[in-house]
Amino acid sequence: MTFRSLILFIAFLSVLSTTFADESVKFKFEVQLGSGSSGTFVVGVHPDWAPIGAARFVELVDTQGFWKGIRFFRVISGFMAQFGIPGKPEVAKEWNQKKMVDDPVMKSNERGFLSYATSGEDSRTTQMFINLVDNSRLDGMGFAPFAEVLEGMDVVDKIYSGYGEGAPSGNGPDQGRIQAEGNRYLKQEFSRLSYIKSVTRLEEVAEDL
């Protein structure tokens with residue numbers, strides 16, 4: 001067994017043993033869409049699709065306060081909504097050093113599916129995106145879906161997309177400045193960005209017989 005295969009196997013066993021009794025587990029996102037407008041959507045995480053990516057997502061949910069205030073900083077209509085950089089620079093720096101080995105691509109990047117952003121081989125950290133349309137062209141680039149939106153895709157479609165592509169190619173935020181300055185930068189210069197208020201695990205409740 002290669003080192004890469006061993007890492008994948010360990011991650012898969014870890015997720016199954018500590019979190020997933022069933023095929024997937026559900027998480028509820030509460031998001032602020034705009035001034036006075038909020039909503040929720042539910043994501044199902046699948047360890048069998050991408051065990052390392054699934055394990056990282058669970059780790060982030062279990063990290064106190066990680067998701068609070070995280071902005072959807074790169075939202076491109078007809079493409080995807082990207083998020084996952086912590087609002088505090090010191091936290092962003094810490095997680096940016098925790099890179100993951102790539103998962104093999106087992107599912108296509110369909111509308112509503114979540115994958116991690118990447119800057120190259122084995123470079124995934126905490127940034128991820130929701131496919132707003134079918135983006136199967138991403139499959140061959142190594143973007144491995146690990147979850148899907150089960151409920152509330154209409155809410156996802158309302159995430160603010162007015163800034164479009166990020167700097168320097170577009171008018172949106174500069175990722176380097178987000179990493180260095182956090183939400184202070186985003187609140188000052190991109191105040192209309194939608195953001196996450198909380199992410200919580202939904203426990204399955206067995207029906208009485």
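The largest cavity in the structure has a volume of about 40 Å³, where a cavity is a set of points on a 1 Å grid over the protein atoms alone at which a 1.4 Å probe fits but cannot get out, and where lining residues have an atom within 4 Å of a point. The volume is the space filled by probe spheres set on the points, with grid points joined across faces, edges and corners. The model is predicted, so that local features need pLDDT of at least 70 and side-chain atom pairs count only at pLDDT 80 or more, whereas totals for chains, interfaces and linings use all residues. Residues are numbered from 1 along each chain as its sequence is written, and side-chain values use heavy atoms, with hydrogens and water left out.

The lining of the largest cavity consists of Ile 85, Pro 86, Ala 92, Trp 95, Asn 96, Thr 125, Thr 126, Gln 127 and Gln 179. Helix α3 (residues 89-96) supplies the largest share of this lining, three residues; helices (H or I, at least four residues) and strands (E, at least two) are DSSP runs, numbered from the N terminus. By class, four residues of the lining are nonpolar, five are polar and none is charged, with Ala, Val, Leu, Ile, Met, Phe, Trp, Tyr, Cys and Pro counted as nonpolar, Asp, Glu, Lys and Arg as charged, and the others, Gly among them, as polar.

A search of the whole structure finds two cavities of 30 Å³ or more.

The largest pocket, with a volume of about 280 Å³, is lined by 16 residues, of which Gln 82, Ala 117, Thr 118, Ser 119 and Gln 127 lie nearest its centre; six of the lining residues are nonpolar, eight polar and two charged. The second largest pocket holds about 160 Å³ of space, and residues including Thr 63, Phe 66, Pro 86, Trp 95 and Asn 183 line this pocket.

The protein chain contains six helices and eight strands, which follow one another from the N terminus in the order α-β-β-α-β-β-α-β-β-β-α-α-α-β. Strand β1 (residues 25-34) runs antiparallel to strand β2 (residues 37-45), to which nine bridges join it, two strands being paired if DSSP finds at least two bridges between them. Within this pairing, Lys 28 stands opposite Val 42 in β2, and in the hairpin, which has two residues between the strands, Gly 36 takes a positive phi near 75°. Seven bridges also join β1 to strand β8 (residues 195-202), again antiparallel, with Phe 27 opposite Arg 201 in β8.

Asp 139 is placed in the loop between β6 (128-131) and β7 (147-151). Neighbours within four places in sequence aside, Asp 139 is in contact (heavy atoms within 4.5 Å) with Val 105, Lys 107, Ser 108 and Asn 109. Val 105 is 34 residues away from Asp 139 in sequence, yet the C-alpha to C-alpha distance is 6.7 Å.

Methods: On a 1 Å grid over the protein atoms alone, a cavity is a set of points where a 1.4 Å probe fits but cannot get out, and a pocket is an open set with protein on both sides within 12 Å along at least five of seven lines; lining residues have an atom within 4 Å of a point.
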